[in-house]
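Visitor: I have a structure to go through with you. Can we start at the surface and work inwards?

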Amino acid sequence: MKHAFLTINGREFPAPKRGLNIKTMTTVSDGRNEKNVFIGQRIGRDMQKIENVEWPLLSAELWSVILNQVSNFVFHVTYLDPVSNDWITRKMYVSDRDCQPYRIDPVTGKTIQYAYCKCSFVDVGA
């Protein structure tokens with residue numbers, strides 16, 4: 001069965017360019033004691049961050065759709081989890097969003113294509 005590389009709120013989007021990074025982090029309760037011995041315990045499940053999600057060139061319409069899908073503070077992202085090697089859906093928020101106007105309509109002055117559209121998604125743990 002074909003599956004989109006990235007789905008946001010149930011909507012499929014094209015695969016971003018190579019260079020995306022999926023970071024898995026384990027949260028712990030404490031650090032080390034006075035003897036520098038680790039004393040912490042794991043808190044909850046591992047968290048993930050999908051960094052450097054970048055599309056080299058998108059239409060203004062598609063970039064707008066992506067930005068609107070992540071406009072609520074928390075949204076659902078479905079992606080291939082490297083730990084389980086299976087598709088998972090996690091609640092995430094978006095960090096900074098960047099793009100560069102690439103092609104401008106000479107009549108309206110509106111951007112019709114953006115280059116280097118990028119963002120990162122951060123697991124909220126819920």
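Visitor: Does F73 count as buried or exposed, and at what relative accessibility?
Guide: This is a predicted model. F73 counts as exposed because its relative accessibility is 62%, and the cut-off for exposed is over 50%.

Visitor: Where is F73 found?
Guide: F73 sits in the loop between α1 and β5.

Visitor: Which residues form a nonpolar patch with F73?
Guide: V74 and V124. Together with F73 they have about 260 Å² of accessible area on the surface.

Visitor: Now inside. How many residues are in the largest nonpolar core?
Guide: It has 21 residues, and W55, F75, V77 and F121 have the most contacts inside it. At least two residues of this core come from each of β1, β4, α1, β5, β6 (86-94) and β8.

Visitor: What is F121 in contact with, leaving aside neighbours within four places in sequence?
Guide: Its contacts include L6, I8, V53, V70, F75, V77 and M92.

Visitor: Back to V53, then. Where is its place, and is it buried or exposed?
Guide: V53 lies in strand β4 (residues 47-59). It is buried, because its relative accessible area is 0%. Beyond four places in sequence, V53 is in contact with L6, P16, L20, C117, K118, C119 and F121.

Visitor: How far apart are V53 and R97?
Guide: In sequence they are 44 residues apart; C-alpha to C-alpha, the separation is 9.8 Å.

Visitor: Last topic: which residues of helix α1 are buried, and what do they pack against?
Guide: In α1 (residues 60-69) the buried ones are A60, W63, I66 and Q69. They pack against β1 (6-8), β2 (11-13), β4, β5 (75-81), β7 (98-104) and β8 (111-123).

Notes. Residues are numbered from 1 along each chain as its sequence is written. This is a predicted model: local features need pLDDT of at least 70, side-chain atom pairs count only at pLDDT 80 or more; totals for chains, interfaces and linings use all residues. Side-chain values use heavy atoms; hydrogens and water are left out. Helices (H or I, at least four residues) and strands (E, at least two) are DSSP runs, numbered from the N terminus. Buried means under 20% relative accessible area, exposed over 50%, partly exposed in between (1.4 Å probe, protein chains only). Contact means heavy atoms within 4.5 Å. Patches are made of residues with over 30% relative accessible area and no salt bridge: like charges are joined within 9 Å, nonpolar side chains (Val, Leu, Ile, Met, Phe, Trp, Tyr) within 5 Å. Accessible areas come from the Shrake-Rupley method with a 1.4 Å probe; for residues, only the protein chains shown count as cover. A salt bridge is a side-chain nitrogen of Lys or Arg within 4 Å of a carboxyl oxygen of Asp or Glu. A nonpolar core is a set of buried Ala, Val, Leu, Ile, Met, Phe, Trp, Tyr and Cys residues joined through side-chain atoms within 4.5 Å.
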